Amino acid sequence: IVELLGWTSKGLRCADMAFDFIDPTHGLPQSVLIQMPNGTGKTTTLTCMRAALTGEAAHWPPKQIKELSGRSNSSSKGSFELRLRVDSKQLTIGLDFDFAKGLARYHTSYKRGRVEKYNPPTALRRFLTEHFVKLLVFDGELPGELLNARLTRAQEAVDAFFQLYLLRDMATALQSAFDSAVEDKTA
């Protein structure tokens with residue numbers, strides 16, 4: 001079981017904020033809907049959530065990182081930290097941004113303290129792919145796209161949810177191994 005406990009952001013295009021969904025008397029809510037006016041950082045927040053879950057920010061070009069900088073950010077630093085509970089243990093994945101250098105660095109805390117890299121639990125990693133995370137952390141456009149017959153998002157959603165792409169990847173790898181093995185052989 002993976003549960004969203006909250007997040008914190010500082011120095012980004014969205015307002016500095018801290019969300020904590022744990023209610024001491026009721027625990028965690030079943031669902032959370034956050035609505036914000038245009039221009040207040042919804043896209044930045046979703047981008048950082050996805051990046052925290054997938055580890056993708058480590059490969060972003062400097063320009064993409066610099067675009068996350070807050071307009072009134074006098075330092076050239078920013079941060080985003082996502083807090084989850086995985087099978088009753090807290091998992092924290094953080095991103096530290098250096099906008100001047102265009103760098104993003106990860107830190108992860110789970111069970112044995114903090115490590116300075118993207119390091120979610122092994123059992124969770126197979127679900128933290130870009131395709132799967134886009135289904136979990138989505139904007140308001142996704143439901144309409146899934147139901148639009150002219151778009152292929154529904155097929156992509158099924159593919160990501162059931163991880164059917166793994167079968168294609170495995171078939172490709174097996175075909176490549178077979179081709180290599182028989183390349184120099186005669187019948």
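Colleague: Which loop does lysine 111 lie in?

Modeller: First, this is a predicted model, where local features need pLDDT of at least 70, side-chain atom pairs count only at pLDDT 80 or more, and totals for chains, interfaces and linings use all residues. Residues are numbered from 1 along each chain as its sequence is written, and side-chain values use heavy atoms, with hydrogens and water left out. Helices (H or I, at least four residues) and strands (E, at least two) are DSSP runs, numbered from the N terminus. On that numbering, lysine 111 sits in the loop between β5 and β6.

Colleague: Is lysine 111 buried or exposed?

Modeller: Buried means under 20% relative accessible area, exposed over 50%, and partly exposed in between (1.4 Å probe, protein chains only). Lysine 111 has 62% relative accessibility, so it counts as exposed.

Colleague: What is the phi of serine 88?

Modeller: Most residues other than glycine have a negative phi. Serine 88, in the loop between β3 and β4, isn't a glycine, yet its phi is positive. The value is about 70°.

Colleague: What is the strand order in the open sheet?

Modeller: Two strands pair if DSSP finds at least two bridges between them. β5 (residues 103-110) and β6 run antiparallel and are joined by two bridges. The edge strands, each pairing on one side only, are β2 (17-20) and β6 (114-115). With antiparallel pairing, the six strands go β2-β1-β3-β4-β5-β6.

Colleague: At what angle does helix α1 run to β3?

Modeller: Helix α1 (residues 42-54) lies across β1 (2-10), β2, β3 (77-86), β4 (89-98) and β5. Axes are lines fitted to C-alpha atoms, for helices over the stretch in contact (heavy atoms within 4.5 Å). Angles run from 0 to 180 degrees between N-to-C directions, and for α1 against β3 the angle is about 60°.

Colleague: Which residue in β6 stands opposite threonine 108?

Modeller: Threonine 108 is found in strand β5. It touches residues including Gly113, Arg114 and Val115, leaving aside those up to four places away in sequence. Its opposite number in β6 is valine 115.

Colleague: How far is the backbone oxygen of lysine 117 from a polar atom of the side chain of threonine 108?

Modeller: Threonine 108 has 1% relative accessibility, so it counts as buried. A polar atom of its side chain also lies 2.9 Å from the backbone nitrogen of asparagine 119. For the backbone oxygen of lysine 117, the distance is 2.6 Å.

Notes: A polar contact is a pair of N or O atoms within 3.5 Å; within protein, one must be able to donate a hydrogen and the other to accept it, and residues adjacent in sequence count only if both atoms are side-chain atoms.
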